Amino acid sequence: MKAETLLRVFCFIGIGFILTIMRLFFFLSVPLGSGKKENMYFDVKEVGARIRALRMERNLTQAEMAEALNISLEHYKRIETGRRGCSIDILISLKMYFGVSLDYLVLGETPDVEVEQIRSELEDVIGRLSQIRKVL
């Protein structure tokens with residue numbers, strides 16, 4: 001009985017190990033992104049530069065951004081200069097605040113024109129439906 005249980009445990013561990021190796025192989029064999037860049041990675045300085053550009057486009061100060069994100073001014077300055085990375089919470093707040101995608105903030109990728117065209121058409125349809133609703 002003990003030998004049989006031991007054999008089952010080893011089989012279970014072996015299967016788990018094989019599945020882990022397969023997942024790792026799959027992860028390493030799938031290219032990140034859409035193939036635009038061969039070596040995509042998270043560059044804290046580039047993220048900070050994009051955040052800075054977005055802030056400056058809207059004529060906001062670093063202090064205003066720090067307050068909007070509920071972080072210290074020093075923390076925000078470090079994010080913009082690339083001396084500190086952002087938490088996912090801050091990235092999501094920035095995404096919502098500036099109306100950009102996380103892909104843009106993190107990787108610098110802009111949405112395809114096709115996606116923007118579809119979004120624009122949907123907004124037009126929603127606007128027309130709102131007008132029809134008011135009439136009814």
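N59 is exposed, with a relative accessible area of 67% (exposed means over 50%, buried under 20% and partly exposed in between, with a 1.4 Å probe and protein chains only). This residue sits in the loop that links helix 2 (44-57) to helix 3. Although N59 is not a glycine, its phi is positive, at about 55°. Most residues other than glycine have a negative phi.

N70 is another asparagine worth a look: its phi is near 60°, again a positive value in a residue other than glycine. N70 belongs to the loop between helix 3 and helix 4, and with a relative accessible area of 71% it counts as exposed.

## The model and the chain

A word on the source: this is a predicted model, in which local features need pLDDT of at least 70 and side-chain atom pairs count only at pLDDT 80 or more, while totals for chains, interfaces and linings use all residues. Residues are numbered from 1 along each chain as its sequence is written, and side-chain values use heavy atoms, with hydrogens and water left out.

The chain has 7 helices and 0 strands (DSSP runs numbered from the N terminus, with H or I over at least four residues for helices and E over at least two for strands). Read from the N terminus, the order of elements is α-α-α-α-α-α-α. Of its 136 residues, 20% count as buried. Among contacts between residues at least 6 apart in sequence, 54% join residues at least 24 apart; a contact here means heavy atoms within 4.5 Å.

## Helix 3 against helix 4

Helix 3 and helix 4 (residues 73-81) pack with their axes 9 Å apart and at an angle of about 110°. The axes are lines fitted to C-alpha atoms, for helices over the stretch in contact, and angles run from 0 to 180 degrees between N-to-C directions.

On the helix 3 side, Q62, A63, M65, A66 and L69 meet L73, Y76, K77 and E80 of helix 4. By class, this contact has 6 nonpolar, 1 polar and 2 charged residues (Ala, Val, Leu, Ile, Met, Phe, Trp, Tyr, Cys and Pro count as nonpolar, Asp, Glu, Lys and Arg as charged, and the others, Gly among them, as polar).

## Helix 3 against helix 5

Helix 3 (residues 62-69) also meets helix 5 (residues 88-98): their axes come within 10 Å and cross at roughly 115°. Helix 3 and helix 5 are therefore roughly perpendicular too. The contact joins M65, A68 and L69 of helix 3 to I90, S93, L94, Y97 and F98 of helix 5. Its residues divide into 7 nonpolar, 1 polar and no charged.

## One aromatic pair

A search of the whole structure finds 1 aromatic pair (Phe, Tyr and Trp rings, the six-membered one for Trp, with centres within 6.5 Å; planes under 30 degrees apart are stacked, over 60 edge-to-face and the rest tilted). The ring centres of Y97 and F98 lie 5.2 Å apart and their planes stand at 90°, so the pair is edge-to-face. Y97 is partly exposed, with a relative accessible area of 40%, whereas F98 counts as buried at 5%.

## D103 in helix 6

D103 has its place in helix 6 (residues 102-107). Its relative accessible area is 45%, so D103 is partly exposed. Leaving aside residues up to four places away in sequence, D103 touches G108 and E109.

Note on methods:
Angles under 35 degrees count as roughly parallel, over 145 as roughly antiparallel, 65 to 115 as roughly perpendicular and the rest as oblique.
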